[in-house]
Structure formats: C-alpha cells, structure tokens
Amino acid sequence: MTIRQFGLFLLLVLGGVACVSAADQSASEVVEFSEAETRLWLTDQLAAVTGKTKFTYSFDKTGTYERGFSDRIEFLVDDLHDDGTKSASLQFLTGERNVPVPPAPNTDVNPVLKIYLQGDVYEMNRLTDQDGGARERWRYFQRRIKFALADTATVTPTSIEFGGKSYAGHEVRFAPYVNDPRRQLFEKFADKQYVVVVSDELPGYLYKIMTMVPNQDGGEALIQEVVQLTKIEAL
C-alpha cells in the first residue's frame, strides 16, 4: 500500500471521506488535505531509508489515573524495491500487550502512528465507558481526530536531535475533544492533547508521539503516553 492509498484509507477509517464516482473526479483530486494531514499521511515516510533497517521505539505510559507501564515497538524494513517501496514488518508492543500487524510487502509508510491512534481510540472507549454501554464510542473518537487534523491542528517547524545529528522536522499538535459538543460524556478526558513529531530527513520519518490528559485540578497528568524513537540499526 502506498502512502496516498494509506492516507485515503486512514481518513476513511477516521471518520469518512466523501466518495465520488469514476465519472466525476478521483478522490485525490476532490479532497483538499490540511498541512497536518499531509505531514502525517501523504508523504513518502520511508524515503530516507536507504538499506535494511530496524527502528526501535520506547513506549511509556505514566500518570495518576491508573497503573502505567513501559514497553517497546520494533519496525523492520527488510527489503527495498526498485519502485522505491519497501518490505516491512512491525512488532507493536510485546507479550500480552502485543498488537498483531500483518507484514507489508510493498509500502512507503511507517505504520507506528496509525496503529498507535487506533489503539488510542479503543483506550478512550475503555476509559469513558466503565459500564460497557457504549462499546462503539471509539468510532466517535476516530471522527473527532479526523476533524481535528483537517481543521484545527497546528504544524510548527522544529529541530530533532538524534544520534548526534540534527534533523529539520515538524511538530503537529491537536486537541480533538476540547471543543467537542458532547464532551460532558467524557469530561475528565476532554482536554486530551496530542503531539506528533516527524522529519523528512530522519530515516523512518516518525520521531515521537505524545498524548496527555491533564489533571483538571492541577499537578501531574492523569495519563501521559510517549512513543519515542530510541535506536536506528542497519541490518
């Protein structure tokens, strides 16, 4: 799956993109993407990968709301093709937390962000539906993320320091539930903030994901999760 196919797929998953017939124009010609959407979904995320490579990310969950944990994510590019795509696989967390992800034989996507966001909306459903009466609420959270990336997310240039080198990058920030008309249904978590840091120059593209639910009474965050690139290894 190419990055444009993946981006359109993800936008469909995150709330839907209007469909048009082949007699009209293609979806890529009709849909206008925001800078945030373009940065996160519609660029070749593996362009800077020039050989077989393993990317290791740390995953740390902290906060006062419930018990945290630390784990890891491993993204492996195991072959490069003449058309610029790569063969890749992903181990997203380990043991009981592992999320099965099928390998991709032809891709230009680092899937870590997509898998993280899918898990994030499931977690939001769990946290806000203690009695089990709204099991499909995660779909609502998906749509709110899609709308935030399209309409309210900010993109700011930043510098990334990794492995003794400096890379030009961009920081994407969004808060999909702050102005949500239904926030009273999940008020404790409605001020949740998302930060994603990416760089065209950095092999693997994705540098960091951070989400944080602030404590409305002040002090340490209720929940904070950080996915951070820690190692790039040539294979």
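Contact here means heavy atoms within 4.5 Å. The model shown is predicted, with local features requiring pLDDT of at least 70 and side-chain atom pairs counting only at pLDDT 80 or more, while totals for chains, interfaces and linings use all residues. Residues are numbered from 1 along each chain as its sequence is written, and side-chain values use heavy atoms, with hydrogens and water left out.

**Figure 1. Overview of the protein chain.** Among contacts between residues at least 6 apart in sequence, 57% join residues at least 24 apart. The secondary structure comes to 5 helices and 9 strands; helices (H or I, at least four residues) and strands (E, at least two) are DSSP runs, numbered from the N terminus. The order of elements from the N terminus is α-α-α-β-β-β-β-α-α-β-β-β-β-β. Of the 235 residues, 46% count as buried. Buried means under 20% relative accessible area, exposed over 50%, and partly exposed in between, with a 1.4 Å probe and protein chains only.

Figure 2. A nonpolar core is a set of buried Ala, Val, Leu, Ile, Met, Phe, Trp, Tyr and Cys residues joined through side-chain atoms within 4.5 Å. The largest one has 61 residues, and I73, F92 and V112 have the most contacts inside it. Helix α4 (residues 112–128) gives the largest share of this core, 8 residues. Leaving aside neighbours within four places in sequence, F92 is in contact with F59, R72, I73, R97, N98, V99, V112, I115 and Y116. In soluble globular proteins, nonpolar side chains tend to be buried together.

Figure 3. The expected span of a helix is 1.5 Å times one less than its number of residues. Helix α4 has 17 residues and reaches 24 Å from its first C-alpha to its last, close to the 24 Å expected. Of these 17 residues, 13 are buried, so α4 is largely enclosed by the rest of the structure. Helix α5 (residues 137–151) has 15 residues and should span 21 Å; its end C-alpha atoms are 21 Å apart, which agrees. Buried residues in α5 are R137, W138, Y140, F141, Q142, R144, I145, K146, A148 and L149. An α-helix has 3.6 residues a turn, so residues three or four places apart point the same way.

**Figure 4. The largest pocket.** On a 1 Å grid over the protein atoms alone, a pocket is an open set of points where a 1.4 Å probe fits, with protein on both sides within 12 Å along at least five of seven lines; lining residues have an atom within 4 Å of a point. The volume of the largest pocket is about 410 Å³, taken as the space filled by probe spheres set on the points, which are joined across faces, edges and corners. Its lining has 22 residues, of which F59, F69, L93, E123 and E225 lie nearest the centre. The elements giving two or more residues to this lining are β1 (53–62), α4 and β9 (223–234). The largest share, 8 residues, comes from α4. By type, the lining divides into 10 nonpolar, 3 polar and 9 charged residues. Ala, Val, Leu, Ile, Met, Phe, Trp, Tyr, Cys and Pro count as nonpolar, Asp, Glu, Lys and Arg as charged, and the others, Gly among them, as polar.

Figure 5. L93 is in the loop between β3 (86–92) and β4 (104–107), and its phi is near 65 degrees. L93 is buried, with a relative accessible area of 7%. Y205 lies in the loop between β7 (193–198) and β8 (206–213), with phi near 70 degrees. Y205 is also buried, at a relative accessible area of 3%. Most residues other than glycine have a negative phi.

Figure 6. S87 lies in β3 and is buried, with a relative accessible area of 16%. Beyond neighbours within four places in sequence, S87 is in contact with L76, V77, D78, D79, H81, A104 and P105. S87 and T107 are 20 residues apart in sequence and 6.4 Å apart in space, C-alpha to C-alpha.

**Figure 7. Surroundings of D191.** D191 is in the loop between β6 (165–174) and β7. At 23% relative accessibility, D191 counts as partly exposed. Its contacts, leaving aside neighbours within four places in sequence, are V178, R183, M212, P214 and Q216. The C-alpha atoms of D191 and V178 are separated by 5.1 Å, and the two residues are 13 apart along the chain.
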